[in-house]
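Take a look at the model below.

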Amino acid sequence: MNDNTEDLRSELKGLSAEQLHDLRDTIEEELECLEQYSEYWNEFNAKYKASIDSLDMLSKINANENSTMIKLGHHVFTPGRLIKSNKVLVYLGDGYYAKMSLEDAKTFFQRKTEDLLKDMKEYEDGNSNKQYIFMLLQETLDSKIREQVDTLFDGSQSQLLSSPNHDSASPE
C-alpha cells in the first residue's frame with residue numbers, strides 16, 4: 001500500500017489545480033452515492049431480518065392450532081385462523097413470486113442476508129479506499145493552492161521592491 005500511496009501521490013502532483021478540483025468533485029459525488037447505497041443495503045437487511053422473524057412467528061402459530069390475530073390496518077386486528085400455513089408466497093424481486101415451505105423461505109432470506117452482508121463488506125472496503133484517495137487528493141490540492149498563492153505573493157513583493165516610487169532607505 002505504501003508503494004501505491006507514493007505512486008498515487010506522484011500522479012496527483014502531476015495534475016493541475018483545476019484537474020485536481022474536478023477529480024475531487026467526482027470522488028465526492030461517488031462517496032455520496034456509496035453512502036446512499038449503504039442506507040439502501042441497511043434497509044434491505046432490516047427487511048430480510050423482519051421476514052425471517054415473521055417466518056419464525058408463523059412456525060410458532062402453526063404449532064398452536066393456526067389461531068392468530070390478523071392485521072386489518074395500522075391499529076385494527078381481528079382473530080383469525082390460518083389455512084395451509086405451511087406454505088408462503090415469497091417475493092423474489094422484479095415482480096416475481098414463488099411458493100415455498102416455511103423452511104425454504106427462511107433459507108432463502110438467510111441466503112439473501114448473507115449475500116447482502118458480503119456486498120456491504122465489499123462496499124466498506126471500496127468506501128475506505130475512496131475516502132483515503134479523497135484525503136490524498138485534498139492534501140495535494142491544498143499544497144498546489146498554497147504554491148500558487150506563494151508564487152503570487154512572492155511576485156507581488158518583488159514588484160513592490162523594484163517599483164520606482166519605493167525608497168527602501170526612507171521610513172514612511
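Start with Thr113, which is found in helix H3. Helices here are DSSP runs of H or I with at least four residues, strands are runs of E with at least two, and both are numbered from the N terminus. Thr113 is buried, with a relative accessible area of 10%. Buried means under 20% relative accessible area, exposed means over 50%, and partly exposed lies in between, with a 1.4 Å probe and protein chains only. What does Thr113 contact, leaving aside its neighbours within four places in sequence? The partners are Asn45, Tyr48 and Ile52. A contact requires heavy atoms within 4.5 Å.

Some ground rules come next. This is a predicted model, in which local features need pLDDT of at least 70 and side-chain atom pairs count only at pLDDT 80 or more, while totals for chains, interfaces and linings use all residues. Residues are numbered from 1 along each chain as its sequence is written, and side-chain values use heavy atoms, with hydrogens and water left out.

The pLDDT is the predictor's confidence in each residue, from 0 to 100. The protein averages 81, and 84% of the residues score at least 70. Confidence is lowest in helix H1 (residues 2-13), with a mean of 76. It is highest in strand S4 (residues 96-101), at 92.

Now the overall layout. The protein has 3 helices and 4 strands. From the N terminus on, the order is α-α-β-β-β-β-α. Among contacts between residues at least 6 apart in sequence, 56% join residues at least 24 apart. One pair of positions illustrates such a separation along the chain. Asp119 has its place in helix H3. Asp119 and Trp41 are 78 residues apart along the chain, and their C-alpha atoms are separated by 8.6 Å. Asp119 itself is partly exposed, at 36% relative accessible area.

Turn to the strands. Strand S1 (residues 67-71) and strand S2 (residues 77-81) pair in the antiparallel sense over 5 bridges. Pairing requires that DSSP find at least two bridges between two strands. A hairpin joins S1 to S2 through 5 residues. Within this pair, Met69 stands opposite Pro79 in S2.

Next, the interior. A nonpolar core is a set of buried Ala, Val, Leu, Ile, Met, Phe, Trp, Tyr and Cys residues joined through side-chain atoms within 4.5 Å. Which members of the largest core touch the most other members? Of its 16 residues, they are Leu55, Val88, Val90, Ala105 and Phe109. H2, strand S3 (87-93) and H3 each supply at least two residues of this core. The largest share, 7 residues, comes from H3. Leu55 shows the packing in detail. Leaving aside its neighbours within four places in sequence, Leu55 is in contact with Val88, Leu102, Ala105, Lys106 and Phe109. Apart from this core lies another, of 9 residues, among them Ile27, Leu31, Leu136 and Leu141.

Charged pairs are next. Side chains of opposite charge can pair when their charged atoms come close. A salt bridge here is a side-chain nitrogen of Lys or Arg within 4 Å of a carboxyl oxygen of Asp or Glu. By this rule the count comes to 5 salt bridges. One of them joins Glu43 and Lys47, with the closest N and O atoms 3.5 Å apart. Glu43 and Lys47 are 4 residues apart in helix H2 (residues 17-63), so about one helical turn separates them. Glu43 is partly exposed, at 43% relative accessible area, and Lys47 is partly exposed as well, at 45%.

Helix H3 (residues 102-162) holds Asp125 and Lys121, which are 4 residues apart and therefore separated by about one helical turn. Their side chains meet in a salt bridge at 3.2 Å, N to O. Asp125 is partly exposed, with 40% relative accessible area. Lys121 counts as partly exposed too, at 48%.

A further salt bridge links the side chains of Asp25 and Arg24, at 3.7 Å, N to O.

Finish with the surface. Of the 172 residues of the protein, 23% count as buried. The protein exposes about 13,200 Å², and carbon and sulfur atoms supply 52% of it. Accessible areas come from the Shrake-Rupley method with a 1.4 Å probe, and for residues only the protein chains shown count as cover.
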